[in-house]
Amino acid sequence: AITSAHNLLSAMIDNHIFHGNELGIDPDHIHFKRVMDMNDRALRSITVGDVGLSKSIPHESGFDITVASEIMAILCLAEDLDDLKERLGNILVAYTFDEKPVFAKDLKAVGAMALLLKDAIKPNLVQTLENTPAIIHGGPFANIAHGCNSLIATKTSMALCDYTITEAGFGADLGAEKFLNIKCRKGNIEPDAIVLVATIRALKYNGGQKLLDLNEESLETLEKGLPNLERHFENLKQVYGVPVVITINAFPSDTENEFNFLKAWGEERGVEVVRSDVFSHGSTGGIKLAEAVIEACSK
C-alpha cells in the first residue's frame with residue numbers, strides 16, 4: 001500500500017506536467033522519486049519521460065526502497081486517518097520555475113493516497129511461536145527516518161496490556177535517540193525503562209578481536225570494547241534520565257567468565273547486566289530480563 005501510494009503521487013506529478021503544468025513545476029527540481037520493495041542499485045538514478053511525445057518532458061528520477069519512503073515515516077507518526085491526510089498533504093514534491101514549493105495537496109493527491117492507505121494504517125495483530133500476541137506495524141529506515149514502528153501500534157498495545165515493549169531500530173545512538181526525540185515527543189509518550197541490548201561477541205570485536213576468533217574467550221578484548229557500550233549507556237541514563245537495563249544476548253560461545261566480567265562492570269556503574277537466553281530457550285530464557293525490566297519500571 002505504501003509503495004502504491006508513493007508511486008501514485010510520483011505519477012500525478014508527471015501527469016500534471018503532461019497535461020499543461022498549471023502549477024509551473026520545474027522538471028529539473030522534482031524531489032519526489034519513486035519506490036519499490038527491493039534494493040535495485042541500477043534503478044536509483046534513471047531518466048523518465050518519452051522524448052517522442054511532445055508534452056512529455058524527460059527528467060531525472062529514480063527508485064528508492066519502500067522503507068525509505070517519506071510515506072512510511074508519515075504512516076508511523078500519524079495519530080489517525082485525519083492526521084495522516086494532513087501529513088500527506090504537506091509532502092514537498094517539487095519547486096516551480098519561480099522557485100516556489102509544490103506540495104502533494106497542490107496536486108490534489110491526498111484523497112487517493114489516503115484511500116490506498118486506509119487499511120495499511122491499521123496495526124497487524126500476529127502471534128509468536130509460543131502464541132504470545134504481538135503487533136507489527138510499519139518500519140521506516142532509522143538512518144534516514146526515525147526507525148520506529150507506528151504510534152498507533154504502540155498506543156494500541158499500551159491500551160491493551162500492563163507492559164508494552166517496542167523496538168527502536170539500529171544502535172542506541174541512532175534508533176533510541178530518534179525514538180525519544182521524535183516518536184515520544186510527537187506521541188506524547190514517555191518510556192518507563194530502556195533495555196540496551198549487546199552481545200559479548202560484538203564487544204570483543206569492537207575491542208580488536210578477529211572475527212574468526214570470536215568464539216575464544218578473551219577478557220582483554222572484551223574490556224577494550226566496553227567504551228562503546230558505556231557511551232550508549234551514559235547517553236540514555238544521563239541525557240534522557242530513563243532507567244536502563246543492559247541485557248547480553250547470549251551466544252553458545254559466551255563463557256561464564258566473560259559474563260561475570262560484564263556483570264561486575266555494570267555493578268560498578270550502577271546498572272544491572274542481565275543475560276538473555278531467549279534465542280536458545282524461548283520465553284523461559286528471558287524471565288530474568290523481564291524481572292529486571294519490571295523492577296526498573298518501578299523506579
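Let's start at Val110, which is found in helix 4 (residues 110-117). Helices (H or I, at least four residues) and strands (E, at least two) are DSSP runs, numbered from the N terminus. This is a predicted model, where local features need pLDDT of at least 70 and side-chain atom pairs count only at pLDDT 80 or more, while totals for chains, interfaces and linings use all residues. Residues are numbered from 1 along each chain as its sequence is written, and side-chain values use heavy atoms, with hydrogens and water left out.

**More on Val110**

- Val110 counts as buried, at 15% relative accessibility; buried means under 20% relative accessible area, exposed over 50%, and partly exposed in between (1.4 Å probe, protein chains only).
- Leaving out residues up to four places away in sequence, Val110 touches Lys85, Leu88, Gly89 and Lys105, where contact means heavy atoms within 4.5 Å.
- Val110 and Ala153 sit 43 residues apart along the chain, and their C-alpha atoms are separated by 23 Å.

**The whole protein**

- The protein has 11 helices and 12 strands.
- Its C-alpha atoms fill a box of roughly 75 × 45 × 35 Å, taken along the principal axes.
- Of the 299 residues in the protein, 41% are buried.
- Take the contacts in the protein with a separation of 6 or more: 61% of them are between residues 24 or more positions apart.
- The accessible surface comes to about 17000 Å², and carbon and sulfur atoms own 52% of that; these areas come from the Shrake-Rupley method with a 1.4 Å probe, and for residues only the protein chains shown count as cover.
- There are 28 positive and 42 negative charges, and their mean positions are 3 Å apart. Lys and Arg count as positive and Asp and Glu as negative, with His and the chain ends not counted; each charge is placed at NZ of Lys, CZ of Arg, CG of Asp or CD of Glu.

**Helix 8**

- Helix 8 covers residues 219-239, and its 21 residues should span 30 Å at 1.5 Å a residue; the end C-alpha atoms are 29 Å apart, which agrees. The expected span is 1.5 Å times one less than the number of residues.
- There is a kink of about 35° at Gly225, shortly before the proline Pro227; the bend at a residue is the angle between axes fitted to the seven residues ending there and the seven starting there.
- The buried residues of helix 8 are Thr221, Leu222, Gly225, Leu226, Leu229, His232, Phe233, Asn235 and Leu236.
- An α-helix has 3.6 residues a turn, so residues three or four places apart point the same way.
- Those buried residues of helix 8 pack against helix 6 (172-187), strand 10 (194-198), helix 7 (200-206), strand 11 (244-249) and helix 9 (256-268).
- After helix 8 comes Gly241, with a positive phi near 65°.

- Leu262 lies in helix 9 and is buried, with a relative accessible area of 1%.
- Setting aside neighbours within four places in sequence, Leu262 is in contact with Ile200, Leu203, Leu222, Leu226, Ile248 and Val273.
- Leu262 and His29 are 233 residues apart in sequence and 53 Å apart in space, C-alpha to C-alpha.
- Glu258 is in helix 9 too, and Glu258 is buried, with a relative accessible area of 0%.
- Beyond neighbours within four places in sequence, the contacts of Glu258 are Ile200, Lys204, Glu216, Glu217, Ser218, Leu219, Leu222 and Ser253.

**Helix 5 and strand 9**

- In helix 5 (residues 151-160), the buried residues are Leu151, Ile152, Ala153, Thr154 and Ser157.
- The cover over these buried residues of helix 5 includes helix 2 (70-77), strand 9 (133-136) and helix 6.
- Ala134 has its place in strand 9 and counts as partly exposed, at 25% relative accessibility.
- Not counting residues up to four places away in sequence, Ala134 touches Asn124, Leu125, Val126 and Gln127.

**Positive phi without glycine**

- Asn21 is not a glycine, yet it has a positive phi of about 55°. It lies in the loop between helix 1 (2-18) and strand 1 (25-30), and Asn21 counts as buried at 14% relative accessibility.
- Glu99 is not a glycine either, and its phi is positive at about 65°. Glu99 lies in the loop between strand 6 (92-96) and strand 7 (101-103), and it counts as exposed at 68% relative accessibility.
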